[in-house]
Amino acid sequence: MPKQANQITNRFKAAEMPRRVKGNWTTMLSTPSAPVLRTVPSNEPLYCPTTRRLVLISSVPGVVHGLVRTLSDACFDVMAFHRWEPEVQRHLGSDLLIYDLTAADTRSELLDFRNRLAAEHMKDTPVMYVVQDRSAVQAHELLPSEEVLVWPLASNHMVHDIERMIVRYPAASRQAGQASRRTMFKDIWIDRDKMLVYKEEKQLSLTKTEYDLLLKLIDAQGKVISREQMMHDIWETDFVGGSNVVDVHVKSLRKKLDDRPAKPEYIATVRGVGYRLAD
């Protein structure tokens, strides 16, 4: 009986071996050259206060299953497809597309995929490409460096690069997700449904007034908002006079955002007028 059990176990182990792709063995993400860095110890549950949605397109998704696992551990919702399905993927409202070129001719398939994105009016969709190390030079000749993920992937760098790409192109993502209730500005994430604000995945404790001020500035998309307008919209009063109530609340909001008035990263002061988002 033990001998039969060992035979069954060995069959499962053999089935999990990497498949041969175009004459080359493709290593898994868990190989020594590309260790998987766990987000939390395996015996502790991971709480994700907010998630980002990724679409992974790979003709060999079994080979990159370690990539899916690592991204899931980092609070990404990953949807994997064998091929590009424009009608489906255009309506998913994803934050980013990741296209796997590890088992393909990098140049021809990359150009073909970019042409298809343009034909489907998705040329502005943020996309990152996974390429073999031997194809990295060729890929960098065709693409900006921030769009290239070199396989095998170092988990910590990969997650950082993906986060940076999503924050860089917030308006281009979610082609069909215009009804989404999540708002982003730089590394700030706002869940409007739950009225929660996060900075680099850390929840900020804002008052209702501070929350309203932040939303007002973000929704203005860089336009200057006068103190009078803020008093009218947030406090529902037209009285300003010598009151510094707006300035006091902006100061408190800046402190919680760790923003410096002399060198603002989030809220800029327009002297004599009001405030706007910093560049």
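1. Of the contacts in the protein chain with a separation of 6 or more, 59% are between residues 24 or more positions apart. The model is a predicted one, and its protein chain has 279 residues, 41% of them buried. The accessible surface amounts to about 16100 Å², with carbon and sulfur atoms contributing 51% of that area.

2. The secondary structure consists of 9 helices and 14 strands. Among these, 5 strands make up an open sheet with parallel pairing, and their order is β4-β3-β5-β6-β7. At the edges are β4 and β7 (148-151), each of which pairs on one side only. From one strand to the next, the twist averages 25 degrees.

3. Helix α2 (residues 65-73) packs on this sheet. The helix touches β3 (52-57), β4, β5 (96-100), β6 and β7, and its direction makes about 155 degrees with that of β4.

4. At one end of the strand order, β6 (residues 127-132) runs parallel to β7 and is joined to it by 4 bridges. Within this part of the sheet, Val131 stands opposite Val150, a residue of β7.

5. Met158 belongs to helix α6 (residues 155-168). Is this residue buried or exposed? Its relative accessibility is 2%, so Met158 counts as buried, the cut-off being under 20%. Leaving aside residues up to four places away in sequence, Met158 touches Leu67, Thr70, Leu71, Leu149 and Leu153. With Leu71 the sequence separation is 87 residues, while the C-alpha to C-alpha distance is 8.9 Å.

6. The aromatic side chains deserve a separate point. The structure holds 5 aromatic pairs. One of them is Trp84 with Phe113, an edge-to-face pair at 5.4 Å centre to centre with 85 degrees between the planes. Trp84 sits in the loop between β4 (76-81) and α3 (86-90), and Phe113 sits in helix α4 (residues 106-119); the two are 29 residues apart, and the pair links distant parts of the chain. Both Trp84 and Phe113 are buried.

7. Phe185 and Tyr266 also form an edge-to-face pair, with 6.5 Å between the centres and 70 degrees between the planes. Which parts of the chain does the pair tie together? Phe185 is in strand β8 (residues 182-185) and Tyr266 is in the loop between α9 (245-257) and β13 (267-270), so the pair ties together parts that are 81 residues apart in sequence. Phe185 is buried, as is Tyr266.

8. The ring pairs also build a cluster, whose members are Trp84, Tyr99, Phe113 and Tyr129.

9. Arg52 lies over the face of Phe76, 4.3 Å from the ring centre. The charged end of Arg52 also sits over the ring of Trp189, at 5.5 Å from the centre of that ring.

Terms used. Residues numbered from 1 in each chain as written. Predicted model: local features only at pLDDT ≥ 70, side-chain atom pairs only at ≥ 80, totals over all residues. Heavy atoms only, no water. Phe/Tyr/Trp six-rings, centres within 6.5 Å; stacked < 30°, edge-to-face > 60°. Buried < 20%, exposed > 50% of the residue type's maximum accessible area, 1.4 Å probe, protein only. Lys NZ or Arg CZ within 6 Å of the ring centre and 35° of its normal. Contact = heavy atoms within 4.5 Å. Areas by Shrake-Rupley, 256 points an atom, 1.4 Å probe, with all protein chains shown as cover. Pairing = 2+ DSSP bridges. Axes fitted to C-alpha atoms, helices over the stretch in contact; angles between N-to-C directions.
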